[in-house]
Amino acid sequence: VGLYFPAISTLKSTVVPEASRAAIYNLFRVPLNVIVLGVLLSDISTTTAFACCTALLAAGFYFTLQIAGYSLEETASAEALDDVEKGVQMQEKNLDDLLGGDAEGL
């Protein structure tokens, strides 16, 4: 717990742009509050509530995989691979300069 919140805050600050952070977080809060109110105001059993939670988690996992697959296809273009290769070459050059010798042997 002591490391979770600082780690998540750092991740959020790098992923979510600060200019639109409040709007994005509110877009996630509205459906969550609707789901919570729906569960609290309906008279459903604990088993049914857990089944609904399981279904929502499975749907979220599915959509996360869909988004991740889309972004992986998008970044797998030749242009992106060239950028990665250039970055690796730059890192190798920097390491070579730091060590004053051949960085390939590491």
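I looked up Leu40 first: at 64% relative accessibility, Leu40 counts as exposed (exposed is over 50% relative accessible area, buried under 20%, partly exposed in between, with a 1.4 Å probe and protein chains only). This is a predicted model, where local features need pLDDT of at least 70, side-chain atom pairs count only at pLDDT 80 or more, and totals for chains, interfaces and linings use all residues. Residues are numbered from 1 along each chain as its sequence is written, and side-chain values use heavy atoms, leaving out hydrogens and water.

Leu40 sits in helix α2, residues 21–41 (helices are DSSP runs of H or I, at least four residues, and strands are E runs of at least two, numbered from the N terminus). With Leu32, Val36, Leu37 and Leu41, Leu40 makes a nonpolar surface patch of about 540 Å².

Next, I checked the cysteines and found zero disulfides (cysteine sulfur pairs within 2.5 Å). Cys52 is in none, and its nearest cysteine sulfur, that of Cys53, is 7.0 Å away. That is too far for a bond. Cys52 is partly exposed at 37% relative accessible area, and Cys53 is partly exposed at 42%.

Then I stepped back to the whole protein, and noted four helices and zero strands, in the order α-α-α-α along the sequence. Of the 106 residues, 3% count as buried.

Terms used
Patches are made of residues with over 30% relative accessible area and no salt bridge: like charges are joined within 9 Å, nonpolar side chains (Val, Leu, Ile, Met, Phe, Trp, Tyr) within 5 Å. Accessible areas come from the Shrake-Rupley method with a 1.4 Å probe; for residues, only the protein chains shown count as cover. A salt bridge is a side-chain nitrogen of Lys or Arg within 4 Å of a carboxyl oxygen of Asp or Glu.
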